[in-house]
Amino acid sequence: MTGTLHAPLRVEFDYTRSLGPVLSRFMTGLRDRTIVGARASDGRVIVPPVEYDPLTHQPPTEFVEVGPGGTVSTWSWVSEPVPDQPLEKPFAFALVLLDGADTPMLHAVEVAEPSAMHTGMRVTARWVEEPAGHIRDIACFVPEDDASVVESGGFEARKLAPQPPEKDPVSGIVTPVRLDYTYAASPEESRFLRGLEEGRLLAQRCPKCHKVYIPPRGACPVDGVPTTDEIELPDKGIVTTFCIVNVPFLGQRITPPYVSAYVLLDGADIAFLHLILGADADEVRMGMRVEAVWRPREEWSTTIENIDHFRPTGEPDADYETFKAHL
Amino acid sequence: MRDVAVVGFAQRQMREMEGSPTCVELLVPIFAELFESTGWTKSDVDFWCSGSSDYLAGRSFSFVSAVDAIGALPPVVESHVEMDAAWAMYEAWVKISMGEADTALVYGFGKSSAGQLRRTLALQLDPYVLGPLWPDTVSIAALQARLGLEQGQWDEKEMASVVARSRASGADNPYAVVAGETSVDELLAEQMYADPLRKHDCAPVSDGAAAVVLAAEDRATETVARPAWITGIEHRADGQSLGLRDLTRSPSTAGAAAALGGSGGVNGVDTAELYAPFSHQELILRRELGLSDSVSVNPSGGVLCGNPMFAAGLVRVGEAANRVMAGTSDRALAHATSGPALQQNLLCLLEGRS
Amino acid sequence: MGKQLAAVIGVGQTHHRAKREDVSIAGLCREAVDRALEDAGVGFDDIDAVVLGKAPDLFEGVMMPELFLAEALGAVGKPLLRVHTAGSVGGSTAIVASSLVQAGVHGRVLAVAFEKQSESNAMWALSVPVPFIMPVHAGAGGYFAPHVRSYIRRAEAPEHIGAMVAAKDRRNACKNPYAHLHQPDTTMESVMASQMLWDPIRYDETCPSSDGACAVVIGDESAAASVTNPAWIHATAMRTEPTTAAERDQVNPQAGREAAAALWKQAGITDPLAEIDAAEIYVPFSWFEPMWIENLGFSVEGEGWKLTESGETEIGGTLPINPSGGVLSSNPIGASGMLRFAEAALQVMGEAGEHQVDGARKALGHAYGGGSQFFAMWVVGSERPAA
């Protein structure tokens with residue numbers, strides 16, 4: 001069997017982002033179906049508002065309503081949308097210079113094909129049904145209805161009153177971020193994991209220093225050379241040190257309390273973390289002899305979890321002197 | 001400040017790397033190759049510095065496993081930037097210039113194929129007003145391309161010429177992932193991918209790693225016959241805000257080039273390795289740098305032939321340095337970029353001495 | 001021209017809290033940056049370069065945040081770097097910034113470090129399951145607790161030492177208006193009574209998860225001449241060792257010992273215990289105080305806990321450790337290392353307010369990261385370093 005092992009890896013979280021005063025004005029405006037820009041020290045109306053003026057480095061103090069229509073200053077076609085973009089079918093991203101603004105903002109434009117896009121075209125925001133105070137309250141921009149007549153330059157930027165709006169301002173947004181990866185193990189890890197699939201514990205010895213590593217590292221951490229010599233180890237060893245995990249946390253896969261211990265297999269020079277069961281937590285000791293308890297064979301795959309846990313063998317503990325160098 | 005030179009370079013590039021995203025499997029042979037070419041052992045390296053990204057790997061602290069490739073016992077002096085390794089090289093150059101190290105080994109790596117690169121890079125954007133739209137990196141570059149096309153600053157033939165020339169040069173580069181003879185007409189006949197960009201206008205998604213060895217003064221001349229002396233190195237950043245920048249320009253590149261002026265600037269370079277992940281961006285860079293037509297641009301083929309993220313900037317340095325060390329270039333420029341639409345840029349001048 | 005002199009000329013930090021819901025990421029950084037600039041008496045235009053440091057991008061879900069923060073940090077048109085060396089990053093960021101000045105590249109550099117970990121969840125971010133790896137350990141505490149057990153065994157340390165440290169650091173934090181945890185009623189007994197999280201580490205012996213930022217302005221001699229109380233950088237050191245190796249000592253890591261030895265040598269210090277007036281060291285779990293006391297060479301191996309037990313690490317003792325309250329009282333992970341470095345500077349600048357160690361003239365800032373494998377440290381002093 002060749003090639004490295006792969007497994008999917010999903011990294012996801014719904015990030016909660018607090019906004020601070022300037023972005024809060026912008027997002028609160030979106031919730032109210034308005035688009036708010038900030039006036040910079042040089043007089044330009046910047047949309048979306050910058051948190052700090054480019055020249056003075058201070059937060060802007062004057063906010064101005066712009067849009068909801070504007071002109072496309074440039075665009076590109078997304079022929080193969082990626083997950084979570086504003087549209088699932090092909091669409092355009094565009095920089096849209098909203099009426100009353102001096103700088104364009106990025107958003108999506110929904111049209112059927114690239115030929116429907118051109119720089120200078122008029123577009124207007126299409127809002128979602130229930131805006132929450134988020135850039136996605138604008139579902140996308142769409143071409144302005146030809147029937148509506150908008151005189152170019154006829155919109156006057158309305159200066160907003162300095163008092164905050166009556167309803168509670170939007171102070172935060174939630175942004176789900178989900179990334180999918182194909183995670184590949186190194187060739188050494190793959191051999192180790194395939195060995196586990198057969199119920200074997202395959203360690204690797206560095207050809208230079210002769211230390212035995214299990215699980216293997218990408219290279220001998222001391223010599224920086226591949227640890228190519230393979231040796232099989234028994235599934236018995238000792239606990240060098242351990243802790244008792246009492247704390248639940250997001251993403252945890254084993255229910256606390258449990259003993260998380262460094263297990264030094266007989267013949268290995270490094271220990272690895274695993275689970276100790278079959279003893280009360282307060283009976284686990286440094287130096288305790290343990291053996292692997294494997295899951296049923298039919299459940300085995302390429303994972304260290306084929307070993308469900310380690311349990312005490314009842315043999316006498318290893319003398320502290322014999323393993324203290326492994327702490 | 002002391003003189004610092006590049007005295008070694010090694011790389012590996014492939015479409016898809018078979019192995020872990022920490023790239024230890026690539027780094028070990030790369031380091032071995034460098035020790036072979038320099039005659040050094042790991043104890044000759046005073047400072048190790050790397051560039052990589054957790055988000056490329058999908059795993060926090062992904063650079064930590066790469067440290068295994070060093071063999072860091074006894075302990076070493078080591079640092080890391082979450083940026084292209086060209087900036088790690090900058091950190092190493094600073095350390096050597098001030099005398100805190102005589103030598104450094106700088107490395108970068110990236111396994112873009114593990115994820116969906118153009119989507120992942122959307123996370124580089126402002127997390128409030130841009131990120132939640134997931135603007136992929138190709139779309140952003142395409143916006144920039146259209147601005148220049150419609151303003152008459154470049155045309156699609158020029159863009160295709162960049163691609164054709166790059167791919168032809170790449171044919172001589174054993175590390176190129178995409179290469180070969182093609183014509184402007186053939187390229188323009190291809191359909192649009194991210195209008196106005198065609199697929200070939202975009203750097204391929206590929207994997208790889210690279211490393212460069214730096215040495216000071218006498219150490220450099222003891223190691224190779226013709227070190228590539230770093231006679232200038234500067235970097236600058238622009239703001240990210242897409243509405244506030246003129247996307248058809250690269251002020252940070254111009255700023256870095258002006259700062260190099262003290263060392264003669266980019267005048268007189270015969271070779272330039274530019275990190276332009278999109279064909280039109282080479283045109284922007286050339287203009288900001290004021291490169292004349294006599295300059296050999298991207299003789300390696302550049303990143304249009306292979307774009308190992310977080311190593312590609314260092315590869316530009318290595319490719320330029322190789323030519324200086326070989327004597328085919330007397331004065332070369334290497335450029336690296338980071339962020340959307342050429343937001344941040346680094347320039348490095350490399351020279352040979354007779 | 002060799003290494004030039006460099007000094008901290010301004011320090012700023014945020015009010016560290018579990019959740020800073022009143023600011024954006026940029027706002028959090030600016031709170032610290034604005035305070036540092038004001039302390040230094042300079043504006044953005046006086047800054048030549050910006051160095052940002054923080055821990056994994058995953059914490060806030062932003063990749064390479066220096067890019068979107070360039071405008072807010074005043075870095076447009078300037079050199080901008082982002083350092084990431086795991087937990088030691090705040091310290092290594094300050095070291096990279098000081099190198100830029102010492103190498104004569106820049107006259108004034110702004111170093112910033114932050115973490116806004118309430119945007120996600122620190123335990124999740126530190127424990128994202130990776131394929132093929134057994135999901136046994138539970139965050140940082142779960143990783144370090146077994147090694148704490150090893151220390152206790154090796155040093156034959158009495159059980160209450162960890163609790164003593166926690167009580168001391170929490171009481172110190174009450175004198176630090178920026179600290180996250182203000183728990184004036186903490187005593188050794190109350191800590192001993194708190195729940196075990198990862199036995200032998202108790203709840204009250206554990207750092208909080210904080211949002212916060214720290215910034216320092218580092219300048220050359222001429223920049224230092226415009227402030228009355230620069231903190232001169234006497235020495236810096238960084239060392240790294242592998243995560244897992246047959247010869248690794250996880251309790252008293254070689255990289256830490258060697259970094260400290262190099263640091264004392266560079267600073268001309270032969271008796272650290274006598275010559276250092278205050279130490280801000282990275283103690284996220286209380287038992288790391290005695291462990292680092294030994295690792296840094298303040299005591300011989302096996303006896304670090306005795307220094308703690310004697311009370312000499314309290315403010316007023318021979319070696320006040322973490323007068324600011326330390327990581328145990330505020331832990332915005334990416335910033336924590338820089339906070340140690342900055343608090344050391346505040347001590348010799350005489351700006352530590354209520355938690356000032358009287359007459360502090362030389363102080364240590366220390367940070368570590370990863371599996372106790374990355375070390376960054378510096379010595380700062382109120383006087384110029386000896387030539």
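I worked on a predicted model, in which local features need pLDDT of at least 70, side-chain atom pairs count only at pLDDT 80 or more, and totals for chains, interfaces and linings use all residues. Residues are numbered from 1 along each chain as its sequence is written, and chains are lettered from A and ligands numbered from 1 in the order in which they are written.

**Entry 1: chain C overall**

The C-alpha trace of chain C spans about 55 × 45 × 45 Å along its principal axes. I noted 14 helices and 11 strands in chain C; helices (H or I, at least four residues) and strands (E, at least two) are DSSP runs, numbered from the N terminus. Of the 387 residues, 72% count as buried, that is, with 20 or more other C-beta atoms within 10 Å of their own, C-beta atoms being placed from the backbone. Among contacts in chain C with a separation of 6 or more, 78% join residues 24 or more positions apart; a contact requires C-beta atoms, placed from the backbone, within 7 Å.

**Entry 2: α3 and α14 of chain C**

I examined helix α3 (residues 89-102) and helix α14 (residues 333-349) of chain C, which pack at an angle of about 60 degrees with their axes 5 Å apart. Axes are lines fitted to C-alpha atoms, for helices over the stretch in contact, and angles run from 0 to 180 degrees between N-to-C directions. α3(C) and α14(C) are therefore oblique to each other; angles under 35 degrees count as roughly parallel, over 145 as roughly antiparallel, 65 to 115 as roughly perpendicular and the rest as oblique. Including V89(C) and T93(C), residues of α3(C) meet residues of α14(C), among them M338(C) and F341(C). Ala, Val, Leu, Ile, Met, Phe, Trp, Tyr, Cys and Pro count as nonpolar, Asp, Glu, Lys and Arg as charged, and the others, Gly among them, as polar.

**Entry 3: chain C against chain A**

I found 51 residues of chain C in contact with 54 residues of chain A. On the side of chain C, α5(C) gives the most, with 9 residues. That side holds 26 nonpolar, 15 polar and 10 charged residues.

**Entry 4: chain B against chain C**

This contact takes 47 residues from chain B and 50 residues from chain C. On the side of chain B, α4(B) has the largest share, 5 residues.

Conventions: Contact = placed C-beta atoms within 7 Å. Buried ≥ 20, exposed ≤ 12 C-beta atoms within 10 Å, placed from the backbone.
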